[in-house]
Amino acid sequence: KTKAPEAFSNGYRFAYGTPVYSRGEDEQGNVVKEQQDLSLMYSKENMADLSLNIEHGNLFDESDAPDQTAVHEGITLKYSQDHYRMVPSDYEPSAEEKVQEAAGELVISYGTDRVIDQTAQTLTWEDNGQFYTLLGFDVEMTPEEFYQMAGEIIDAEGSMKLCRPLQKAGTALWPPGHSARDIPDATVPQEKRGNPAFLQPR
């Protein structure tokens with residue numbers, strides 16, 4: 001069952017969510033699996049937003065080792081911090097940047113209109129066949145604070161612990177009293193809402 005608290009003890013609260021449609025392909029490009037996952041956004045005053053992505057199956061192999069790990073209730077939490085540099089499509093990396101990329105110290109992503117540097121903090125884990133990713137850009141939180149939030153998700157009782165009902169319009173979900181006019185990009189999948197995570201390195 002999917003677990004997603006409405007609020008965390010550190011003040012982050014559920015803002016809105018969107019379904020995310022994913023598919024896996026084999027080497028020939030044939031679709032071998034399709035699934036509908038969930039992306040939830042949490043907000044806190046004077047802090048950058050955090051997203052909680054919940055996948056009902058792991059479509060992609062994890063190749064990179066995490067920076068560090070912790071264990072909560074027998075579940076391994078994998079924490080990573082990465083330096084993202086978002087750049088225009090015609091950007092040419094310097095020799096130094098290429099060395100940093102090769103060493104795993106820098107991720108260059110293409111698709112912005114200017115150069116933007118951000119720090120991505122990611123925490124991933126599996127719980128009863130569900131794959132969770134807690135992601136933030138420039139949130140200035142410690143790994144321990146990420147572990148605390150993951151623990152609250154893991155300890156949540158029942159399915160989809162959003163204490164208030166969600167309304168649905170199109171492909172977007174948000175709390176009662178809000179509409180697409182309040183959240184203009186809510187119908188856009190999480191990975192295409194200006195989140196650098198969707199920008200693919202060359």
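**Helix 2 and its surroundings**

Guide: Welcome! The buried residues of helix 2 pack against strand 3 (50-55), strand 4 (68-72), strand 5, strand 7 and strand 8. Please keep in mind that this is a predicted model.

Visitor: Which residues of helix 2 are buried?

Guide: They are Pro143, Phe146, Tyr147, Met149, Ala150, Gly151, Ile153 and Ile154. Buried here stands for a relative accessible area under 20%.

Visitor: What span does helix 2 reach, and what span is expected?

Guide: Helix 2 runs over residues 143-154, which is 12 residues, and reaches 16 Å from its first C-alpha to its last. The expected span is 1.5 Å times one less than the number of residues. For helix 2 that expectation is 16 Å, and the span is close to it.

Visitor: Where does this helix sit in the overall order of elements?

Guide: The protein chain has 2 helices and 10 strands. Along the sequence they follow the pattern β-β-β-β-β-α-β-β-β-α-β-β.

**Rings**

Visitor: How many aromatic pairs are there?

Guide: The count is 6 aromatic pairs, with ring centres within 6.5 Å as the criterion.

Visitor: Why is the pair of Tyr84 and Phe137 called edge-to-face?

Guide: The centres of these two rings are 5.7 Å apart, and the limit for a pair is 6.5 Å. Their planes stand at 75°, while edge-to-face asks for over 60 degrees. The pair is therefore edge-to-face. It also links distant parts of the chain, with Tyr84 in strand 5 (residues 75-87) and Phe137 in strand 8 (residues 130-137), 53 residues apart. Both Tyr84 and Phe137 are buried.

Visitor: Which residues do ring pairs link into a cluster?

Guide: Phe8, Phe14 and Tyr42 are linked that way.

**A loop residue**

Visitor: What makes Val115 partly exposed?

Guide: Val115 has a relative accessible area of 40%. Buried would need under 20% and exposed over 50%, so Val115 is partly exposed. Val115 lies in the loop between strand 6 (107-110) and strand 7 (116-127).

Visitor: What does Val115 touch beyond its sequence neighbours?

Guide: Leaving out residues up to four places away in sequence, Val115 touches Arg85, Met86, Val87, Pro88 and Tyr91. Val115 and Val87 are 28 residues apart in sequence, and their C-alpha atoms are 4.5 Å apart in space.

**The whole chain**

Visitor: How much of the chain is buried?

Guide: Of the 202 residues in the protein chain, 43% are buried. Among contacts between residues at least 6 apart in sequence, 61% join residues at least 24 apart.

Terms used. Residues are numbered from 1 along each chain as its sequence is written. This is a predicted model: local features need pLDDT of at least 70, side-chain atom pairs count only at pLDDT 80 or more; totals for chains, interfaces and linings use all residues. Side-chain values use heavy atoms; hydrogens and water are left out. Helices (H or I, at least four residues) and strands (E, at least two) are DSSP runs, numbered from the N terminus. Buried means under 20% relative accessible area, exposed over 50%, partly exposed in between (1.4 Å probe, protein chains only). Contact means heavy atoms within 4.5 Å. Rings of Phe, Tyr and Trp (its six-membered ring) pair if their centres lie within 6.5 Å; planes under 30 degrees apart count as stacked, over 60 as edge-to-face and the rest as tilted.
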